[in-house]
Each structure stands twice: as structure tokens, then as C-alpha cells.
Amino acid sequence: MIDNLLNITLLAFLAITAFAIIRIRNLFAVIMLFGIYSLLSAGLFVVLDAADVAFTEAAVGAGISTVLMLATLALTKNHEEKPPAHRPWLPMIVVLVTGAALVYGTVDIPSFSDSEAPAHKHVAPRYIEEGFKETGVPNLVTAVLASYRGFDTLGEVTVIFTAGIGVLLLLGRRRGRKRGDEDNNET
Amino acid sequence: MDFIFGHYNYWIVIILMMAGFYTVISRGNLIKKITGLNIFQTSVFLLYISIGNVEGGTTPIIAEGVEQYSNPLPHVLILTAIVVGVATTALGLALVVRIREEYGTIEEEDIHKQDESL
Amino acid sequence: MKHNLILRVIAKLLIPIIVLYALYVQFHGDFGPGGGFQAGVIFSVAFIFYALVYGIETAERVMPESVLRILASLGVLIYAGTGVATMLLGGNFLDYNVLASNPIAGQHIGILVIELGVGITVSSVMLLIFFIFAGRARQ
């Protein structure tokens, strides 16, 4: 019961924060609100029994993402968003139509926390019943992450590595600094 | 009533998803766009974790005396997605910084104007 | 920021605890919540905190960018290397059962090693990204 109450409240807070992020033009405030948004969703993940995910979201979303966004804000020196030139009617219509279609789609979804839902009937029972016996690891999330779906995780790690290389290529320090200075003088 | 409470999570997820989508397509400021993209992303995380939740279940860490566990599979998928998400966000922010250095602005309209005047 | 005494003293107290906690999360991930991804992020947070309080130059002297680049690829190499090692020992790619005499011990070794690889890559990539952004501001 208390779980459901927390679930409903936190989700409502999330929606309010999202609307505040849309409305507010001061980018510093937007980034701070985004940190709050991440922390709220981390709390929600705890309520929904996903301790590992909550842990990650709290460290990544509320920590690193916010720091990186603030760093970008400092680099771009742009603290105020320009007001839109005209009322954005077209995006509003697109969003409302898409949203209505998605809500129509939820009618057939099994209701929340239904233990008979098809999602819990395929491979999950095997992980829960055999996971500890086969890997000797009590934390099933780690067992699935590192052992059953190890190849998947290798892909994810490679994506992170590639993103790091991408940032390095885009913003990394230029070696020949003299040539860079000349370029700047020309422009 | 059961129907409303049974689908409340999904509906809020859709509202968040559309809020993120709206920010991406209607706002011209690039940092705001990336924030919208992140809201969209978090809404997908919430959808997966909501689906993984099981009535009366606990965190999927094997302990004595516990019978019912939540589905660990969505947790695994989302855990890695969060970390990959921050890495790709960093890449997007790096692009924003480069655009600002070349164009002197991060407003989409001004960038278009500069492109057209070339 | 250089003269903020309270911040500097508190940072000195907190940073070792954050690093210790990161290591706990890394190696206790089999039993409680945690694992390579979380540990990597927490570990890099300790260094980012250090860089914010003591300055980027000092932090880069502790952990130079060139080292971070090597570490980032080393993590992926450890992960993929474990897969190759299991293939050489006669199993499938990333089938840890063959790493030790009995399957459970093999799984333990395999999971520990690949989580270490994940932790190294995640922490060094996060730090690398932060240093690049911060270094850009200084230019």
C-alpha cells in the first residue's frame, strides 16, 4: 500500500518537474531541475524494487550528467533561452496525436505489477530459479548482466568507449597549437 | 478504478515521453533539446522498470525466506542503458560546444540564418 | 576556490571514503546492489570532486589524460580478452565455466574479471570526458 502511494506521488512529482523544465527559460535552472528529475526517478526505481538501477541513476543522472551539462553551460556562456518566435502549434498537435495513440496502445497492456504478465513468463523464471545455482552469485542482476548476457554488456562497454573517443575527437586538445592559432587569426 | 491504478504508471510514462518529445521538436536552444532528449530517455527507463515490477516481489537478490522476486531482465537492460545514455549525452554536449565555437550561438534559428547567408 | 579552507579539509576527508566505497561497490557487486558500472561512476566522481576543489591542473597531475586513454581501452581489452581466454580453454565466447576446475568457481572468476574491465573503462571514460570539457574552458 505504502509502495503504491509512493509510486503515485513520485510519478506526479516527475511529471510536474518535466513541465517545469519545458516552461523555464533560464538554462541554469533547467539543468538543476534536471538533476532533481534524475534524483526523483532514482527514488522511484527503489520503490519499484530495482535497487541496482536506482544506484546507477543516482550516481549518473544526478551526478555526472549534471556536472557535464554545467560544464557545457560554462563553455557556451548562454544562460537564457530565446523565447520562441511563434506559438509552436504544429509540435503541439504532433505530440498530442502521438500521445493519444500511445495511450490507446496501453489499453491492452497487462496492468501494473501483474505477476501473470507475459514479460515474466519467458526467460525471467529461469534466471530466478537457476541463476544462483548456475553462477553462485546471489545478485541476479549481476548474474544476468555479467554471465547470461555477457556479450550484450561487452557491446555496451564498447559503446561507452566509443563515445569517449568521440568526445576526444571533437573537443580534445589540438597537438599543433601554433597552426591552430594561425587558423584563428584568419577567421 | 483498478484499471486506472493498473495503468497509471504507463500513462505518466507517456506524459513524460511526450514532454521530452515536445521539448526536442519545439525548442530551438540546443542545451534545452538535449535536456528534452534525456527526459524522453528516462521515461523509457521508467516504462521498462514498471513492466519488470511484480506484485509482492522484492529486489532480485537471492535471500532466504523470499519467494517472489521482481523480473531481473529489465533491470539489467536499463542499468547498462543509463550509463550508455550519459556517454551519448556527453557526445551530444561536445557537439553543442563545437557548434557554439563555430557559429557563436546555440540557438537553432540563428544557426540556420548563418547557413543561409553563406 | 583555492582559498576555501573548509571545502579543502572536507574534501580531504571525503575523497578516500568515496574511493573506498567505489571499491566496495565494485567487488561486492556479486552479493549486494552494485557492479562495475556503478563503481566506475562513483570512482570518477571522487576524482571530479578533487578536480573541482583543488583545480584541474592538480587533478591532471594525479591522473594524466594519456594514462586515462590507455586505461579506457584496457578495460574493453580485459573484457574481450576474458572471452578469448574462455575460447582458448575450449568453451564458447564468454563461457566462464571453463576458467576453473568447477563451473561455479569459474563463473566467480569470470564475473569478477569482466566487472573489473567494465569498472576501469567506465571510470576512465567519465574522467576523460570531464577533463576534456574542463580543459576546453581553460583554453
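A: Let's start with the words for how covered a residue is: buried means under 20% relative accessible area, exposed means over 50%, and partly exposed is in between, using a 1.4 Å probe and protein chains only. At 36% relative accessibility, C:Leu14 therefore counts as partly exposed.

What you see is a predicted model, in which local features need pLDDT of at least 70 and side-chain atom pairs count only at pLDDT 80 or more, while totals for chains, interfaces and linings use all residues. Residues are numbered from 1 along each chain as its sequence is written, chains are lettered from A and ligands numbered from 1 in the order in which they are written, and side-chain values use heavy atoms, with hydrogens and water left out.

Chain C is our part. It has 5 helices and 0 strands, so named because helices (H or I, at least four residues) and strands (E, at least two) are DSSP runs, numbered from the N terminus. Along the sequence, the pattern of chain C reads α-α-α-α-α. Taken along the principal axes, the C-alpha atoms of chain C fill a box of roughly 60 × 30 × 20 Å. Of the 139 residues in chain C, 49% are buried.

Now back to C:Leu14, which sits in helix H1 (residues 5-27) of chain C. C:Leu14 belongs to a nonpolar surface patch of about 690 Å², together with C:Leu5, C:Ile6, C:Val9, C:Ile10, C:Leu13 and C:Ile17. Patches are made of residues with over 30% relative accessible area and no salt bridge; like charges are joined within 9 Å, and nonpolar side chains (Val, Leu, Ile, Met, Phe, Trp, Tyr) within 5 Å. The areas themselves come from the Shrake-Rupley method with a 1.4 Å probe, and for residues only the protein chains shown count as cover.

With 30% relative accessibility, C:Ala85 counts as partly exposed. The C-alpha atoms of C:Ala85 and C:Ile111 are separated by 13 Å, and the two residues are 26 apart along the chain.

Between H4 and helix H5 (103-138) of chain C runs a loop that holds C:Leu94. C:Leu94 is not a glycine, although its phi is positive, about 65 degrees. Its relative accessible area is 7%, so C:Leu94 is buried. A:Ser113 is in the loop between helix H4 (89-106) and helix H5 (124-135) of chain A, and with a relative accessible area of 11% A:Ser113 is buried.

Next, the neighbours. Helix H7 (residues 150-171) of chain A and helix H4 (residues 65-88) of chain C have axes that come within 10 Å and cross at roughly 160 degrees. H7(A) is therefore roughly antiparallel to H4(C). Axes here are lines fitted to C-alpha atoms, for helices over the stretch in contact, and angles run from 0 to 180 degrees between N-to-C directions. Angles under 35 degrees count as roughly parallel, over 145 as roughly antiparallel, 65 to 115 as roughly perpendicular and the rest as oblique. H7(A) also packs with H5(C), at an angle of about 20 degrees and with the axes 10 Å apart, so H7(A) and H5(C) are roughly parallel. H7(A) makes a left-handed crossing with H4(C) and a left-handed crossing with H5(C). A crossing is left-handed if the near helix is turned anticlockwise from the far one by less than a right angle, and right-handed if clockwise.

On the chain B side, we meet salt bridges, each being a side-chain nitrogen of Lys or Arg within 4 Å of a carboxyl oxygen of Asp or Glu. B:Arg98 pairs in this way with B:Glu101 (2.9 Å, N to O). B:Arg98 also forms a salt bridge with B:Glu102, with the closest N and O atoms 3.3 Å apart. Salt bridges that share partners join C:Arg136 from our chain with B:Arg98, B:Glu101 and B:Glu102 into one network. B:Glu101 and B:Arg98 both lie in helix H3 (residues 72-103) of chain B, 3 residues apart, about one turn of the helix. B:Glu101 is partly exposed at 37% relative accessibility, while B:Glu102 is exposed, with a relative accessible area of 54%.
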